[in-house]
Each structure stands twice: as C-alpha cells, then as structure tokens.
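Student: I would like to learn how to read a few features from a structure. Can we go through them one by one?

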Amino acid sequence: MRRFNVTAFLFVLLTSVLAQNAPKAPVDLVYPLIDAANSRWFFFNSASRPFGMVNLSPDNAVNADWGAGYRYNMDSIKCFSHVHCWQLSGVPVLPTTGTFKGHLGANQYGSKFSHDKEVIKAGYHKVVLDAYNITAELTSTTRVGFHQYTFPKSEQSHILFDFSTFLGPSDTEKGFVKKVSNQEIEGYAVMAPTIRRPKTVTVFFVAVFDKPFDTFKGWRNGKLEEIGDRIEGARTGAYLSFSTQTGEVRKMKVAISYVSEEQARLNLTTELPHWDFNKTVQDSRTEWNKWLSRIEIEGGTEKERSRFYTDLWHALLGRRIINDVNGKYCDMTGPQRRIGQIPLDAQGKPKYNHHNSDSFWGAQWTINSLWHLMYPEVTESFVNSMVMMYQDGGLIPRGPAGGNYTYVMTGAATTPFIVSAYLKGIRGFDIEKAYEGLRKNHFPGGMMSKAGYEHNTFKGGGIEYYIERGYVPHPLSETRYGFHQDGSTQTLEYAYQDFGLAQMAKALGKMDDYQLFMKRAENYKNIWNPEIGWMWNRTLDGKWGEPVDILTYDHGWEEGTAAQYVWFVPHDVQGLIKLMGSRETFTQRLNESFEKAQKHDFVSGKSHDKETLDQFRRVYINYGNQPSIQTAYLFNYSGAPWLTQYWSRQVVQKVYSDLSPELGYSGDEDQGLMGSLAVLMKTGLFSVNGGTSAKPFYEIGSPIFNKITLHLNPKYYPGGKFVIEAKNNAPQNYYIQSATLNGKALNQSWLLHETLVKGGKMTLQLGPKPNKSWGSKPEQAPPSMTVK
C-alpha cells in the first residue's frame, strides 16, 4: 500500500495557491476583445507587435472602412488579412478544404466559427474554421505574419490569396502572384485610392511554407483558369493545394513591404529566419510585456488593472511602421512613386522609423503626454518621420497613409506634438528643418490652408481670413473644398497651434515669429459672442451667424457643438475665464455642463455609429470623441480642483471602465487617442495645453490606483522613476486632502515636466469629502497665456 506523503501534498497545494494568487503580468491582463462588436477596420488587433507593419487578424466583414474587420457579433470569418491600418489594408488569405471555391468570393469561401473555440491574446489569435475543421493560429513579428494551421485529413487542402476583395477602406485594384518554388510565392496587391488617400498603395509580399505544396492555381473575374507559374491583373487570386493527414500542421510566413518583393523577403529573413511558431508567440508576449511594464500599477480590482493595460496596449498599436528593416520606404508625396532611404546608424540600422498614422487631431490631450513622457523614443521616431515627409513632399503631414498625404481633419494638428516634444527635451531630429516645416503649415500653402481631405486646393482652411480678420468665417463659401470646413473650430485650433509654435520660436531665438504667433494666439477671442456668452460662428460679412443654437452639431463646429467647443482654449484658460466674467462663473457653467452630460454618461451614445444620430449629438460634453476631452481638468484653473478630481473619476467610471466586446470607448478610439486618454486619467496626470508651454507641466487629477510607478527612459530622462502614491484610495475617496512632492508640501494642482522626469515621488492623501482650500487660490492655478 502506497503511503500518502502529506508534505508533498501540502507543497503542491501551496504552490498551486501561490500560482493562482500571483499577480498577472501586464501583457496577460490585456483584453483584445474590448469594444470588438463595434470595430472599425483598424480598431481590432491581435497578432501584432507594437506599431507593427503587419497587423494580422481575422476579418468578419469586408467591403467597408466602418463596420469591417473583426466584428464580435458576426458568426463567420471571411479571411485573415495582414494590414489593418489607417487607410491601409492588404494580403487576405484563408486555409480551406474540399472542393475549392475561393474564386466565388469571401461570402462563399468564408467559414462559420465559434468564440468558444477562440483564444485571443496580445500578439496571438487562435480560431477554428468550422466549415473546414481547420484550427488556425496567428502571430507575427513587426513585418512578418506567422500562420500555423492544423488540418483534418483531406485530399484537397488549400491556402488561398484573394486579390479580388474590397478590404476595409479600399478595393483591390490589381494583384500579382508568382510561384517561386513549391515552397514559396511572391507578389503584390495594388490597393485602390480612397476618398481620404488619393493615390494607390502597393503592398508587396513574400509567402514561404514549411512543407511543399502540390499545385499552384488561380482565378480571374470569378472563374478558375490555368495560370502556369503566375497570374496578374484585376479580380485575380491564387491558391496552393496539397493533401493532409488528420492533425497535420502546416506553417506559413508572410512578409510584407511597401517597396518591393525583394524587400519583403529581406524583412522575412531578418525578422523570422526560423519555423518555431511557439517561440514567436512567446517573443511577442515578451516584447509587449516590456512595453506595457513601463507603467507599473498597484491596487484596484483585477478588472481595473486589465482595463488599464488594455488602454495602454491600444495606445501602442495603431500608428504603423511602414519602412523595411534596412530603412527603405515608399514616398508617394510627389507626382511619381519614389523609394527613399532612412539614414542608418553606426550598426547599419535605421535611425528611426517611417510611420503611417491617422490624424493627430486631439493628440494634444492624449499621446502628446503619454508618448512624450513614457515612450520618448517613439515620439522622436514620429517627429523624424514627419520631418522626412516634409523634405520629401514639402509639408509636415497631419495624417500620412502609405507615404501619401491625406489632409485628414483640420489645422496644423502635428504642431503641438512636435513643439511639446522639443520643449520636453526630445531633440534627436533636425530642429531647424522641423521649425521651417511647422511654420509653413501656419501660412497660406500649408496645412492651415486645407480643410479635411482637401486634396487639390488650398482654400477650405480659410487661413487668409484668419490672418486678415482674426477668424475663419462660417460658412466660408458656397463651395465645399473639403470635409470639416468648420470655421469656428478652425479658428480655435489655429489660435492654440499658433501659441505652441510661438513657444518654440522663442526657444529658438526667433523673436519676431514669437511676437507674430503670440498675437495670433489671441484670435480665439474674435468668435466669443458676449451677447450669448458662448463661442459662436461669424459669417463672411462679420456678423454673428443665425439662428443661434449652441447644441447644433457641425455647421461651424467640427464633430462637435458650440457648447463643447467653448472650452477649446487650451493655451489660455485664464483668458477664457475673463471672457466669462469670473472664476466662479466659469466654474458654475462648466459644472452645469458636466451635470447635463452625466445624464447621458458623458458620451454621444455607447458606440461611434450612435453619434451620427441627432438625438445623441446635441450634448454639452462628449468623451467619445476628441473636441471636449480636456474639460474635466479645467476646474484646476478656476479655483475648483476638487471638481476636476470628482468629474474625472466619474468620466473614468462611466466611459473608460467597461471591459467587454459590446462596450469600451463609447466612440472613436482613433488609433490610440482614447486609449492614451484613459491611461492619463487613471494615473491622475493630464496636460490641457498638451505640453506647449515654455516649461511644460501636468495638471493633477485623481488616480484610481494606490500606487503608480512610471519607469522613465534613461536615454531621455535621468530620474529613473517617478512614483504616484494615492493613500486612502477607494471608489468614493477621490478627493485630494493634501499632497507632497518629494517629501515637501505640494499646495498646487500641477507640477512641472522637468521636475517629474528628474524622478521622485508624489503622495496624494485622498478622502470622501473635498478639501476646497487645496490648490484653489488664484496664484496656485496652472500657468496660462493670460496672467492670472
């Protein structure tokens, strides 16, 4: 009879308990399915690296930008495609079995699937294609998608490449596939222009297989045809066929490039020379964990921690690398496609990356603060990418797509991004060239001349009126030159962006420019209507627009209302307070706006498509889109920091706490903007002016965690780490009773960036009732253009 070993049993039991109670790594807390039922083409990600060129995931819907890609409530998978990005898509594939039907289109060859048999993690996606009994697993490096398919027994197993699809934002104009060997193919897809991206983008690829395929065939215009070793043209595709045994595993690596097939092959051999799928999954997990671990949190519930790292994950996802491993990139800014070369360092590696990006509209309140503080090397790479694009095409972009200018949204939206980087000491770029490009954008012929997606003219921005009259009229003209031709919003944006450029001009000793742009920074006052007490439209004849309705969406107010935009004076909150009459009046009006917004959970519906409905648009504050996401922190300026602490917590709870496929961002996440915002609000650090003051600073809110450790990049900031400790933190204890900074009393609701990056500790004593004396004196308010 075997004796029972009590000691061994207790050891195993204790080990099991400890393992269950051990804190999860940040990467393991990421929940990729957040808001997945409401996905936009580029929103959902699984098999991707930070800023990865390849973003491999299943597509439940194609043929649309909105409502396409991975959609949680759809029950079939059309394909796995490799690019889910702002105005970019490409290289859809799918393994199948049985009689081939790929030529009949995705609606015919797609497969049902079940979430019950699905596993999704940061950098990994596993799903079973029920129609074919194939288990598909996906992972990636930065530029290479790695597929692992487990097949059933079948005499007819296939992998198809469909270049007749309309993926996300664009149709596939043309495809080319060539058989290199019985274990390799190469080719390209020409992605058609879109209303936002006016030129084509060519996605080159190389696909290699761990086992030989038997046949290489193709189709054109929905019909199978004999193709020899290649096929080219519109509405084409190719497929590889082979027989499989039960449980047979087939692996495929697909590398992409926007330059050439040869460059795609270089990306493949450099980044993924082996066939160890599990190693790549683990490498991806390790890389993500390294990035996410720069912010360490303690306290809160597991759901709150999971949501935090999911937000941070989103902040590092969407804005893609588009250059190859050796720094080659495609420049589409001129009349002809051109291949450029990023400068190389002493080790022969690119000094920075070239990036694809949605607009930086609203970035002053989101990635400006998060990236510049926690990922300054990312900021520096993006700035270099923008400056390089200026050298290539003559303009610093506000949202480049595949080397194209898109003129997405309005204004010189990248000015605050670059200016704040410079003012925070991130300076590994050609500063004079950057300033030259930024300055050009603030005059006729620059970005301020163009409305949204105004590709062929320089009229919709109204910059001439702004310079001459001090405001952009609305309506500007009977002609609509572009989207988002909203003069009042443009006026407010330009004034803020002028202030930022003025600070950089002063730092560079360009005092004439400083005086010029500081004068222009006051132009926001020109659309203040004292009769109604709100910002309002001014027409071409200088009169106030009629009828007056501050809850009218658009019509002078870009993706918002006058009620939301009245607070859009990030650089001069004290000046806005004076326009309203007093700090008390300002506080009362802002507080009333929040009380009204609380009734609809501070958003315009729980998904972005709801914002298109009039009944959801007529709101005072909307934290589901960019125009008013700074508002909770304005109370710090008007002597009521306790209301910043209260309302910021309420917004976090209602807007940025859900963790399900149905809910998440209650609007348009826009490639990391809302993820970044949520991270900042939960850490209790924010920057209303986006770091554009001569000495950048952060306003203090109410952190939701007991302790937050910011691990700073030592190449940029010498302090090592900065700790935020929230004592007596609890769901109802969001009011700051007192604060210390490095052991000394802190009686103001802000601190300098230069202080934070030297390292140290800020301790906040929280409680259930407001301390209305803390940080409330006029001299304790954060700096503003107008002297308090």
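Student: Where is proline 547 placed?

Tutor: Helices (H or I, at least four residues) and strands (E, at least two) are DSSP runs, numbered from the N terminus. Proline 547 sits in the loop between β25 (534-535) and α14 (562-565). The peptide bond that joins glutamate 546 to proline 547 is cis, with omega about -10°. A cis peptide bond also joins histidine 474 and proline 475, with omega about 0°; proline 475 is in the loop between α11 (463-469) and α12 (487-507).

Student: What kind of model is this, and how are residues numbered?

Tutor: This is a predicted model, in which local features need pLDDT of at least 70, side-chain atom pairs count only at pLDDT 80 or more, and totals for chains, interfaces and linings use all residues. Residues are numbered from 1 along each chain as its sequence is written, and side-chain values use heavy atoms, with hydrogens and water left out.

Student: Which residues of helix α4 are buried?

Tutor: Buried means under 20% relative accessible area, exposed over 50%, and partly exposed in between (1.4 Å probe, protein chains only). In α4 (residues 261-271), the buried residues are Glu261, Gln263, Ala264, Asn267, Leu268 and Glu271. They lie on the same side of α4 because they cover an arc of only 165° around the axis. The arc is that of the directions from the helix axis to the C-beta atoms. An α-helix has 3.6 residues a turn, so residues three or four places apart point the same way.

Student: What covers the buried residues of α4?

Tutor: Contact means heavy atoms within 4.5 Å. The cover includes β10 (144-151), β13 (170-181), β14 (184-191), β15 (201-209), β20 (248-257) and β22 (328-331).

Student: Is aspartate 162 buried or exposed, and what does its side chain join?

Tutor: Aspartate 162, in strand β11 (residues 154-163), is buried and has no salt bridge. A salt bridge is a side-chain nitrogen of Lys or Arg within 4 Å of a carboxyl oxygen of Asp or Glu. Lys and Arg count as positive and Asp and Glu as negative, while His and the chain ends are not counted. For aspartate 162, the nearest side chain of opposite charge is arginine 235, 7.5 Å away. A polar contact is a pair of N or O atoms within 3.5 Å; within protein, one must be able to donate a hydrogen and the other to accept it, and residues adjacent in sequence count only if both atoms are side-chain atoms. The side chains of aspartate 162 and serine 164 make one of 2.5 Å.
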